[in-house]
Amino acid sequence: MSHSDPGSQWWRSAVVYQVYPRSFQDSDGDGVGDIPGIISRLDYLHELGVDVIWLSPVYRSPHDDNGYDISDYEDIDPTFGTLADIDELIAQLHTRGMKLVMDLVVNHTSDEHAWFIDSRSSRDSARADWYMWHDPRPGAVGGQPGAEPNNWGSFFSGSAWQWEPARGQYYLHLFSRKQPDLNWESPAVRDAIHAMMNRWLDRGIDGFRMDVINFISKDAALPDGAVLETGFGDGMPFFANGPRLQEYLAEMKAAVFDGRSADYLTVGEMPDATPELAASLTDARTGQLSMIFQFEHVGLDHDGVKWNAGELDIRDLKKSFGKWQSALADHGWNSLYWNNHDQPRIVSRWGNDREHWYASATALATVLHLHRGTPYVYQGEELGMTNVPFDDISALRDIESVNHYAVAVDMLGQEPAAVLGALRAMSRDNARTPMQWTAEPGAGFTAATPWIGVNPNHDRVNAAAQIDDPNSIFAHYRRLIALRHSDPVVVHGDFRMLLPDDPSVYAFARELEGTTLVVVANLSDQAAPCDLSGDDLVLTNLPEDAASGVLAPWEARVYRSTRA
Ligand code: ISL
């Protein structure tokens, strides 16, 4: 089947569930989740109705960035299990009619990868040009502050350059010092990556989520960036969406996917991607990927610095999503997400996890899932898992959070309580605490001490309390997923935004061959008037009161009408 045959594009009607393996289910009592643990929970995921698991990295890794620093792409980290466990996971998923998408982290490797160990050893090594090596600034002494090739900062604090005495050069690391960037200009690097991807597809997986894949082509001139409040330069304009990105992705498609008879899900993680780029990359006739993860909506509550997050104006959200829906309407395809392992929990961020926990979690889910695109559910989102009341920096584990705290408090002199407050709102660790299966001390995740503390609210927010309750958040996610599977208008219908200027009601229509779905949701704590309706109320999150013309706080309704 060719990529351009829409009938073969199974991922259009699928719902993807992201598993963060460290925190999903521990089976061997070491306090860290593992692959046999995931296998033991497949019936739960099947019951929820999701079609695909996207598994965050389980490859061999020193875990400087929880597995996003890979030291061997072809083996499983012993913390998580073995290659035999992965084969078993694939088989068990396929038996249930489900699929597996693996994380592909190829903008960088770990500094403990054999490729980098060779590359750093000398300028004459076999892989000398596999990474981004550069001389010090002209006239500067290598290793001295200010001698770095340019002023770019790392996403995880400090300079993006690390001095390597063995070569008398710096290497680029956009993320941690232990995550050196690969040099995609080298054809040998690209060949090695394609070969590795082919081996994983031959093993039976169903696609890849591609980590920061729009960073792989850098501006060779390495210009300094505008200086940020950290004192370092912003390199984003020079490495995001770079000059050879689309060429590299086209080459990858030809080398890995084109010769195969199945269709695969490929989703590129792309901070700062534009709708125009996404439309081109995901064009069903000529594109290189199934879909991308764009970041515009998750940046709407701050000014570019996530630690300064404030309130979201719903009108901005409508404007942003509306723009992406239009830009990809003809031949493109969107991904739809609120959460992943890098984002705070949506019910705490844009819902109300205090007075309207159930209603806001389900209203936000309803809005997201009924846009045109493929929805992603991040583990625990279907239970309304919330942000975590971190009360001390020692409770956090994430390298981004820990480094940010050190820089902000020790170097910039910011108030520790204020820095901790920003971390409570935005730290990636909000998403990374153990999955809340039960009210027991380890939340049913582990019998040991977990690698990161369990959210204390697991006594109330947990799967055991929800799976058999028809009025639970879990049950609502199940209904949304079932609606997508039963009604083609959800998958294929055109999208039209309604009430763009309403400050609290999010409303839109989906239309397909005489069938119209009207979705209305009050994304606020106050009742809101709303006259929109339709013939049949097919889904709602609160007790039915369809006639009133008023939406209760966080009430969501889905109407369906059919024209004869
Ligand atoms: O979460 C972020 C910082 O606020 C983002 O910049 C994030 O680092 C970016 O979206 C890239 O994320 C991906 O690559 C990183 C890894 O740490 C993230 O977990 C991953 O999703 C490096 O591999």
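How do the residues of the shell around the ligand divide into nonpolar, polar and charged?

## Ligand shell

The structure is a predicted model, in which local features need pLDDT of at least 70 and side-chain atom pairs pLDDT 80 or more, while totals for chains, interfaces and linings use all residues. Residues are numbered from 1 along each chain as its sequence is written, and side-chain values use heavy atoms, without hydrogens and water.

The shell comprises six nonpolar, three polar and nine charged residues. Here Ala, Val, Leu, Ile, Met, Phe, Trp, Tyr, Cys and Pro count as nonpolar, Asp, Glu, Lys and Arg as charged, and the others, Gly among them, as polar. Of the 18 residues around the ligand (a heavy atom within 4 Å), Asp65, Asp211, His341, Asp342 and Glu400 come nearest.

## Polar contacts and position

Oxygen atoms of the ligand lie 2.5 Å from an N or O atom in the side chain of Asp65, 2.8 Å from a polar side-chain atom of Glu400 and 3.1 Å from an N or O atom in the side chain of Arg209. The protein buries 92% of the 500 Å² that the ligand exposes when taken alone (Shrake-Rupley method, 1.4 Å probe).

Because domain 1 (10-107 + 187-216 + 249-389) and domain 2 (110-181) both give residues to the shell, the ligand lies between them. The domain bounds come from an automatic or database assignment.

## A three-stranded sheet

An open sheet has the strand order β6-β8-β7, with antiparallel pairing. Strands are DSSP runs of E, at least two residues in length, and two of them pair if DSSP finds at least two bridges between them. Its edge strands, β6 (133-134) and β7 (161-164), each pair on one side only.

Four bridges join β7 to β8 (residues 169-172) in the antiparallel sense. Gln162 stands opposite Tyr171 in β8.

Conventions. Polar contact = N/O pair within 3.5 Å; in protein donor to acceptor, adjacent residues only side chain to side chain.
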